[in-house]
Amino acid sequence: MQRFLAIFVASLIFMAAGSVLAQHVPIDPTLPGSQESATWYWDGAAWIAHSMLDPEDVNARLWRSGDEATGNCNKKWWTINVAVTASVAQWVDFDLDWNQFDWFVRKPGIYAGNCIEGCVASNSDILIDYEGFEDLQPILAGNNPIEVYYGFETAQMNPLDPAYPWVRSFDLNFDDDLIIDCEDLHYGICWKLWNKITVIECNSACEYRDDAEIILTLLNQKEWIDWDDGFWWDTPKP
């Protein structure tokens, strides 16, 4: 969890679950002979017909299936089996107030800044994969890079504490995080991200940069969801 809360950095790219890892072909989960039924959703004040919405804005659909039940007799008891099921897809909500750190440094020194606040929520496990995290590389070849570290602030931890365990930039690439499904995750986990740089006398006067990626993977996504766009398996594509 500690590494997860130290993730959002300069030039982030968020990637949908499995979108570049493998080609997923969604399946049709409906039973043979089933029939889609009209549905509505409650917007807090009124019922809104899904039929009035764009197909990509419909978040719940219903099919009827099975056998017809009929009877005509004087028997006292009749048993009619009824099944109601629901398959709930995994969702994620994340929010990042900024996605870039821009340092302007006059003199050598060790500097830290509280730059970004982020929140993430989901209804199941999420894997956080870090790629491309390095020290800041000089735009002009031949100059020394700037050491970069990352840290996070919560109610229990503050990177300004002298004993705080800062994470070196490239170590994030080998320390992915698994966020287990829990009540806190359902409603959102929030933190503040800190960035620390060490500028030395040998860092020449030029521009420095690092571009990295964070891949959020929804580990329990349903097979009937199109993993590339998050819509229905049969949503018409442009």
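The largest pocket has a volume of about 1500 Å³. A pocket here is an open set of points on a 1 Å grid over the protein atoms alone, where a 1.4 Å probe fits, with protein on both sides within 12 Å along at least five of seven lines; lining residues have an atom within 4 Å of a point. The volume is the space filled by probe spheres set on the points, which are joined across faces, edges and corners. Of its 48 lining residues, Arg-61, Ser-87, Val-88, Trp-224 and Trp-232 are the closest to the centre.

This is a predicted model: local features need pLDDT of at least 70, side-chain atom pairs count only at pLDDT 80 or more, and totals for chains, interfaces and linings use all residues. Residues are numbered from 1 along each chain as its sequence is written, and side-chain values use heavy atoms, with hydrogens and water left out.

The second largest pocket holds about 670 Å³. Among its 30 lining residues, the closest to the centre are Trp-103, Leu-136, Ile-146, Glu-207 and Tyr-208.

Now the serine. Ser-122 sits in strand 7, residues 109–122; strands are DSSP runs of E, at least two residues, numbered from the N terminus. Is Ser-122 buried or exposed? Ser-122 is buried, at 0% relative accessible area, where buried means under 20% and exposed over 50% (1.4 Å probe, protein chains only). The Ser-122 side chain reaches the backbone oxygen of Trp-91 at 2.5 Å.

Last, the sheet. Five strands form an open sheet in the order 6-7-13-10-11, with antiparallel pairing; two strands pair if DSSP finds at least two bridges between them.

Technical notes. Helix = DSSP H or I, 4+ residues; strand = E, 2+ residues; numbered from the N terminus. Polar contact = N/O pair within 3.5 Å; in protein donor to acceptor, adjacent residues only side chain to side chain.
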